[in-house]
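Welcome! Open the structure in your viewer, get your selection tool ready, and follow the stops below.

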Amino acid sequence: MDKEKQLLEEIIWHVGYRMNESLRMIKICMEQLSEEQVWQKPNESSNSIANLILHLCGNITQYGIASIQNLEDRRQRDEEFSTASGYNKAELIKMLEDTIDEAKRAFYEASLEELLRKRYVQGFNFSGIGNIIHVTEHLSYHTGQIALWTKILNNQDLGFYSGVDLNVKNN
C-alpha cells in the first residue's frame, strides 16, 4: 500500500474515532437530562441542547455528506435554531447517530480525488479533507457546549472517563 493511501486511511480512521467519542459523550449527557432540560436554553442568546443536536445534524449533512458525495444541499440552517420542540431525547440521539454513521461512510468511501477536490460550502472553499476536519472539530466544539450546559443544569461530574486513570504518563 502506498504511503498516501496509508496516511488517508489513518486520518479517516481517527476522524471516525473522534466522531464516535463525541457521540458517546453527548449520549452520556442526554442520559442525565430530562426531556424538558434538553429543550431548555441558558438564555436568549444561547441554544438548547436539542437545537445544538439539530444544528450538528444539519452541519454534518451539509459538509460531510452532501458535499463529499456531490448531493444537493438541502440544509435549512435557520430551522435548526428556531425549532422549540417536536423531538424527544431518543429521536434526537437517533438522528445524530444516523447522521454520524452516514458521514463516516461517506468519508470511508470517498476517492482520493474527491477528498482533494475543492468545493464551496457555506461560501467557504475547502477540499474534502478540509470539510472532514471541519465536521470533526465542529462536532467536538458543540459537544463541549452540551457537556458544559449539562454540568450547569445538574451540578455533577459527567463521568466521561470513569474508571480510566488520566494521570498515566506517556511512555
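**Stop one: along helix α1**

Select Glu 9, which is partly exposed with a relative accessible area of 39% (buried means under 20%, exposed over 50%, partly exposed in between, with a 1.4 Å probe and protein chains only). This is a predicted model, where local features need pLDDT of at least 70, side-chain atom pairs count only at pLDDT 80 or more, and totals for chains, interfaces and linings use all residues. Residues are numbered from 1 along each chain as its sequence is written, and side-chain values use heavy atoms, leaving out hydrogens and water.

The term means a side-chain nitrogen of Lys or Arg within 4 Å of a carboxyl oxygen of Asp or Glu. Lys 5 and Glu 9 are four residues apart in helix α1, so about one helical turn separates them (helices are DSSP runs of H or I, at least four residues, numbered from the N terminus).

Next, pick Arg 24 and Glu 21, whose side chains form a salt bridge too (2.9 Å, N to O). Is Glu 21 buried or exposed? Glu 21 is buried, at a relative accessible area of 15%, while Arg 24 is partly exposed at 28%.

**Stop two: helix α5**

Move to Asp 98 and Lys 94, a salt bridge with its closest N and O atoms 2.8 Å apart. Both residues lie in helix α5 (residues 89-109), four residues apart. Then select Glu 114, Arg 117 and Arg 119, which salt bridges with shared partners join into one network. The structure holds nine salt bridges.

Terms used:
Helix = DSSP H or I, 4+ residues; strand = E, 2+ residues; numbered from the N terminus.
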